[in-house]
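The sequence and the structure come next, followed by the description.

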Amino acid sequence: MILIQKMYIREFLKTLCVLTLGLALIFSIIGLTDKAEEFIPHKPAAQLLILYALYSLPKFIQYMLPMAVLLSSLFIFSQAIHRREIIVIKAAGGKMQSLLRPFIALGIILTIIGFLLGEVLVPYSAKTMRAISNQITKKEKNIMFKEGTLYMRSRDGSVVRIGLYLPDSDSYRSVTIFRLAKEGLLERIDAESATWDVDHWKLHSVNITSIVSGKTTFIQEMTYDGIESPATFQEGVWKVEEMSLMELIAFKNRLQEAGFRNIRLLTDISSRAAYPIINFFMLLLGISLSIGGDQRLLQQLFQFRILQNVKSHAGVVSAGIGLLISLAYWLGYSFFLSLGYPGTLPPVLAPWIIPVIFSGISAYLFLNIPE
């Protein structure tokens, strides 16, 4: 039994690697093609384009992993059914639950890998992709963003620290501006808040401290043109994929402390936690559909047996089933996610609806695999 388990796990992992990397590479090339209109006028070096495509791979590997897990498990065990291997194992006294036990552990490992991809590799690669894109397009964005705090250099050369960036309201909290001259620091401007007004920022409750005289002047409101427009930060800073789950939670906590509730951010945090778990249940679902744990359910729902008519084309049918299930999952997941962003559904609940439904179906079918 151990030799058979090792054989199936080896074949599954080989198929999974080929599918995941192949699909990720295809989407990486497509993504690079989509950026061609932006990149080509700048005549980028081939090395930068290749690096851009390579650094996009972790993101697409994370996206494609659940579908690849489903397709791989469907293919491997459909072939085993087609070759009558499962019948031989049962005839020799083998138990299906014992045979499939290592795949439960493998599913847990794949879930952990999916989580680590989203927490470590994807944020790092997304930041690197943005840096490469800026290098190609000659865009200098001297901006650093961490847990809601922005550090940047303004148009007039001043150093700006924005204590809390509020992405949904075009406003800032706790703004500090260090105005520089050739001889050094000229003055420090501290504002309680800043709001965007058509083409410039308005600073509110401002203290201006002159470094030369040491005198501090209070102004209720002043205009400042040195900070970029909110659109700049939406495009270049506020990217969820560049932040880890811990950074997102820290940003959320800072917003809540300031009295703001960002529903989209709450949905993204919940989604980040929910997404990797589906890898485990996609593996169970693929095994269950292949080996036949779904026959009772199909009989109850449709009153006929599909699997009896498809065994002669196991590979093609398993690929088709996998693609249909993956499409249904993605459509459902995206639909409920879109309901979570505006608050139509509770933001914490919305990303979990489809994973919970698929998890329940997978667990039911797996537990009903006939011995």
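At what angle do helix α4 (residues 57-82) and helix α10 (residues 278-291) pack, and how far apart are their axes? The angle is about 25° and the axes are 8 Å apart.

## Basis of the description

This is a predicted model, in which local features need pLDDT of at least 70 and side-chain atom pairs count only at pLDDT 80 or more, while totals for chains, interfaces and linings use all residues. Residues are numbered from 1 along each chain as its sequence is written, and side-chain values use heavy atoms, with hydrogens and water left out.

## Overall make-up

The protein has 13 helices and seven strands. Both are DSSP runs numbered from the N terminus: helices are H or I with at least four residues, and strands are E with at least two. Of the 371 residues, 46% are buried; buried means under 20% relative accessible area, exposed over 50%, and partly exposed in between (1.4 Å probe, protein chains only).

Among contacts with a separation of 6 or more, 65% are between residues 24 or more positions apart. A contact here means heavy atoms within 4.5 Å.

## Helices α4 and α10

Two packed helices are described by the angle between their axes and the distance between the axes. Axes are lines fitted to C-alpha atoms, for helices over the stretch in contact, and angles run from 0 to 180 degrees between N-to-C directions. α4 and α10 are therefore roughly parallel to each other; the cut-offs are under 35 degrees for roughly parallel, over 145 for roughly antiparallel, 65 to 115 for roughly perpendicular, and oblique for the rest.

The crossing of α4 and α10 is right-handed. A crossing is right-handed if the near helix is turned clockwise from the far one by less than a right angle, and left-handed if anticlockwise. Residues of α4 in the contact include L65, P66 and V69, and those of α10 include I278, N279 and M282. By class, this contact of α4 with α10 holds 14 nonpolar, five polar and no charged residues. Nonpolar covers Ala, Val, Leu, Ile, Met, Phe, Trp, Tyr, Cys and Pro; charged covers Asp, Glu, Lys and Arg; the others, Gly among them, are polar.

## Helices α3 and α6

Helix α3 (residues 46-55) and helix α6 (residues 96-137) cross at roughly 155°, and their axes come within 9 Å. That makes α3 roughly antiparallel to α6. Their crossing is left-handed.

On the α3 side, L48, L49, L51, Y52 and Y55 take part, and they meet residues of α6 including Y124, S125 and T128. The contact of α3 with α6 has nine nonpolar, four polar and no charged residues.

Strand β3 (residues 159-166) runs antiparallel to strand β4 (residues 171-181), and seven bridges join them. Two strands pair if DSSP finds at least two bridges between them. In β4, S171 stands opposite L166.

β4 also pairs in the antiparallel sense with strand β5 (residues 184-197), over ten bridges. A hairpin of two residues joins β4 to β5, and R173 stands opposite S193 in β5.

## Single residues

S362 is in helix α13 (residues 353-367) and is buried, with a relative accessible area of 1%. Apart from neighbours within four places in sequence, S362 contacts F281, L284, L285 and S288. The C-alpha atoms of S362 and G286 are 8.4 Å apart, although 76 residues separate the two along the chain.

K43 lies in the loop between α2 (36-39) and α3, and at 75% relative accessibility K43 counts as exposed. Phi of K43 is positive, near 50°, in a residue other than glycine. S205, in strand β6 (residues 200-210), is not a glycine either and has a positive phi of about 55°.
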